[in-house]
Amino acid sequence: MAENNALITLKNKENEKSNILIELKQVLGMEKLPRKIECYDISNLSGQFMVASMCVLKDGELKKNLSRKFKIKTVISQDDPKCMQEVIERRLKHSLENPNGGFGTLPDLIFVDGGINQIKAAKRASLKYELSIPIYGMIKNDKHQTRALIDENKREIKLSDELMKAITNFQDCVHNTAIEYH
């Protein structure tokens with residue numbers, strides 16, 4: 001009976017992951033299931049020591065071993081969008097030049113912690129390499145809680161409670177990874 005209960009629990013968890021990806025595909029109008037999603041955040045200490053982080057959701061599961069930390073190399077002042085562009089350019093270039101390297105394949109979808117300016121910066125990075133990866137921003141409310149996804153046209157995407165919970169966990173993970181890097 002314990003083995004049967006464990007199998008049922010495992011199946012339910014797998015269904016949750018699959019349902020989240022299916023819903024995400026539908027609400028974002030994507031052609032294929034977003035099996036690899038990357039999320040980025042920029043962090044600094046009082047405008048100095050700019051760093052970034054990347055977390056990966058693969059097949060609906062957070063993969064901590066695929067998380068990456070970046071030291072900002074080209075941006076001197078506090079400019080989150082420029083930092084975002086630098087980091088995503090570096091990441092994409094790495095996979096294009098070395099697809100079997102540490103970053104692996106390109107993502108199916110990118111989330112950035114921030115609004116329209118971060119989305120535009122990430123888009124510039126992907127267009128530099130002539131890629132058309134869908135990019136969305138994760139925006140927060142006045143209490144610093146994730147409230148929605150936003151596209152490059154400032155359109156907020158309606159999400160179910162389950163999907164919002166998963167995206168909030170993803171955003172918290174990338175934020176914590178950046179903070180821990182300091």
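# Reading a Predicted Fold

Guide: Asp59 has a relative accessibility of 31% and therefore counts as partly exposed. The model before us is a predicted one.

Visitor: How is a value such as the 31% of Asp59 to be read?

Guide: Two cut-offs decide the matter: a residue is buried under 20% relative accessible area and exposed over 50%, and partly exposed in between. The value for Asp59 is 31%, so this residue belongs to the middle class. Asp59 is found in the loop that leads from strand S2 (48-58) to strand S3 (61-62).

Visitor: Where does Glu130 lie, and is Glu130 buried or exposed?

Guide: Glu130 belongs to the loop between H3 and S6. Its relative accessibility is 74%, and therefore it counts as exposed. Ile133 occupies the loop between helix H3 (116-128) and strand S6 (135-140). Ile133, however, has a relative accessible area of 8% and so is buried.

Visitor: Which residues does Ile133 touch, beyond those up to four places away in sequence?

Guide: A list of contacts shows which parts of a chain meet. For Ile133, the list holds Leu92, Pro107, Asp108, Leu109, Ile110 and Lys123. One of these, Ile110, stands opposite Ile135 in S6.

Visitor: How do strands S5 and S6 run, parallel or antiparallel?

Guide: Strand S5 (residues 109-113) and S6 run parallel, and four bridges join them. S6 and S7 are also joined by four bridges, but these two run antiparallel. In this second pair, Ile139 has Ala148 of S7 opposite it.

Visitor: How many residues lie between S6 and S7 in their hairpin?

Guide: There are five, and among them is His144, with a positive phi of about 65 degrees. A second hairpin is made by S7 and S8, again with five residues between the strands; in that turn, Lys154 has a positive phi of about 65 degrees. The pairing of S7 with strand S8 (residues 156-157) is antiparallel and consists of two bridges. Here Leu149 faces Ile157 of S8.

Visitor: How many residues of S6 are buried?

Guide: Five of the six are, and S6 is thus mostly covered. Strand S7 (residues 146-150) is mostly covered as well, with four of its five residues buried.

Visitor: Which helix holds Gln171, and is Gln171 buried or exposed?

Guide: Gln171 is part of helix H4 (residues 161-181). Its relative accessibility is 1%, so it counts as buried. Apart from neighbours within four places in sequence, Gln171 is in contact with Cys39, Asp113, Met138, Lys140 and Thr146.

Visitor: Where does Gln118 lie, and what does it touch beyond residues up to four places away in sequence?

Guide: Gln118 is in helix H3. Its contacts of this kind are Asp80, Met84, Val112 and Asp113. Gln118 has a relative accessible area of 14% and is therefore buried.

Visitor: How far apart are Gln118 and Met138 in sequence and in space?

Guide: These two separations should be read side by side. Gln118 and Met138 are 20 residues apart in sequence, and their C-alpha atoms are 9.8 Å apart in space. For Ile133 and Ala148, the separation in sequence is 15 residues, while that from C-alpha to C-alpha is 19 Å.

Visitor: What pattern does the whole protein follow along the sequence?

Guide: The order is α-β-β-β-β-α-β-α-β-β-β-α, which comes to four helices and eight strands. The radius of gyration is 17 Å, close to the 16 Å that the globule rule gives for 182 residues, and so the protein is as compact as a globular protein of that length. Its C-alpha atoms fill a box of roughly 60 × 40 × 35 Å along the principal axes.

Visitor: What share of the 182 residues counts as buried?

Guide: The share is 46%. The accessible surface comes to about 10500 Å², and carbon and sulfur atoms account for 48% of it. Among contacts between residues at least 6 apart in sequence, 57% join residues at least 24 apart. As for charge, the mean positions of the 29 positive and 25 negative charges are 3 Å apart.

Methods:
Residues numbered from 1 in each chain as written. Predicted model: local features only at pLDDT ≥ 70, side-chain atom pairs only at ≥ 80, totals over all residues. Heavy atoms only, no water. Rg over C-alpha atoms; globule rule 2.2 N^0.38 Å. Buried < 20%, exposed > 50% of the residue type's maximum accessible area, 1.4 Å probe, protein only. Contact = heavy atoms within 4.5 Å. Areas by Shrake-Rupley, 256 points an atom, 1.4 Å probe, with all protein chains shown as cover. Lys, Arg positive; Asp, Glu negative; His and termini not counted. Charge placed at Lys NZ, Arg CZ, Asp CG, Glu CD. Pairing = 2+ DSSP bridges.
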